[in-house]
Amino acid sequence: MDQRELVRRAAKGEHEAFDALVRLASNRLYGIAYRILRDQYRAEDALQQALINIWNELPRLRDPDRFDAWTYRVIVRAATAEARRAGATPTTPLLPADADASRAPDDYGAVADRDQLERGFSRISAEQRAVLVLQHYAGLSQAEIADVLGVPLGTAGSRIHYAVRALRAAIEADARLGTGRESMA
């Protein structure tokens, strides 16, 4: 059975169809929440809330072909709400600890660059992290991000621009404080 049919059946209250949709989407949605929140437990909380919201709101979804974009919107809202509720900016890595287990060890420069990026990423707002995650992790275009966020195309472009600018500023501030690569040499 295709996703479109699962969406239709789940929208009518069929639990088995919704369970199948959850199995198809939960890893993708968790990945987005984790990269926005950078905390496993908060990401799990956001995912749980998003799944509840999806179940409750699914009967109102008019176009089953829009399910994926709609679920992106739901998880971004749940993750940013969780970030506001928690109040603190996490300092955990962008990827779970075991995510790189199959890769060869990084050289010093790559590790330093990744650490610098992670520190900068932790210093920008959850909303800014969300647009960068949608663009770079989920691989969405600017038009798709606008659709997910429910904003005009120009607004999405502006949010991406300001998120990148904020990330660069955070990285540069980090380097000026001497916590970047040059201080480790």
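A salt bridge is a side-chain nitrogen of Lys or Arg within 4 Å of a carboxyl oxygen of Asp or Glu. In this predicted model, the side chains of Asp174 and Arg119 meet that rule, with N and O 2.6 Å apart. The count by this rule comes to ten salt bridges.

- Asp174 is buried, because its relative accessible area is 2% and the limit for buried is under 20%.
- Arg119 has a relative accessibility of 22% and therefore counts as partly exposed.
- Arg123 joins Arg119 and Asp174 in a network of salt bridges.

**Other salt bridges**

- Asp147 and Arg66 form a salt bridge in which the closest N and O atoms are 2.2 Å apart.
- Because Asp147 lies in helix H7 (residues 142-149) and Arg66 in the loop between H3 and H4, this pair ties together parts that are 81 residues apart in sequence.
- Both ends of the pair are partly exposed: Asp147 has a relative accessible area of 26%, and Arg66 has a relative accessibility of 33%.
- Glu14 and Arg9 also meet through their side chains in a salt bridge, at 2.2 Å from N to O.
- Glu14 is partly exposed at 23% relative accessible area, and Arg9 is partly exposed at 26%.

**Helix H2 against helix H4**

- The axes of H2 (residues 15-37) and H4 (residues 67-86) come within 9 Å of each other and cross at roughly 40°.
- H2 is therefore oblique to H4, and their crossing is right-handed.
- On the H2 side, the contact is made by Leu21, Arg28, Leu29, Ile32, Ala33, Ile36 and Leu37.
- On the H4 side, the residues in this contact are Phe67, Asp68, Thr71, Tyr72, Ile75, Val76, Ala79, Glu82 and Ala83.
- Sorted by class, the contact of H2 with H4 has twelve nonpolar, one polar and three charged residues.

**Helix H3 against helix H4**

- The axes of H3 (residues 40-57) and H4 come within 8 Å, crossing at roughly 135°.
- This angle makes H3 oblique to H4, because only angles over 145 degrees count as roughly antiparallel.
- H3 passes H4 in a right-handed crossing.
- H3 contributes Arg42, Asp45, Ala46, Leu47, Ala50, Asn53, Ile54 and Glu57 to the contact.
- H4 contributes Phe67, Trp70, Thr71, Val74, Ile75, Ala78, Ala79, Glu82, Ala83, Arg85 and Ala86.
- The class totals for the contact of H3 with H4 are twelve nonpolar, two polar and five charged residues.
- Among the H4 residues that touch H3 are Phe67, Thr71 and Ile75, and these residues are also listed in the contact of H4 with H2.

**Val151 in the loop between H7 and H8**

- Val151 is found in the loop between H7 and H8.
- With 16% relative accessibility, Val151 counts as buried.
- Leaving aside residues up to four places away in sequence, Val151 touches Ala146, Ala156 and Arg159.

Conventions. Residues numbered from 1 in each chain as written. Predicted model: local features only at pLDDT ≥ 70, side-chain atom pairs only at ≥ 80, totals over all residues. Heavy atoms only, no water. Axes fitted to C-alpha atoms, helices over the stretch in contact; angles between N-to-C directions. Helix = DSSP H or I, 4+ residues; strand = E, 2+ residues; numbered from the N terminus. Parallel < 35°, antiparallel > 145°, perpendicular 65-115°, else oblique. Left-handed = near helix turned anticlockwise from the far one by under 90°. Contact = heavy atoms within 4.5 Å. Nonpolar A, V, L, I, M, F, W, Y, C, P; charged D, E, K, R; others polar. Buried < 20%, exposed > 50% of the residue type's maximum accessible area, 1.4 Å probe, protein only.
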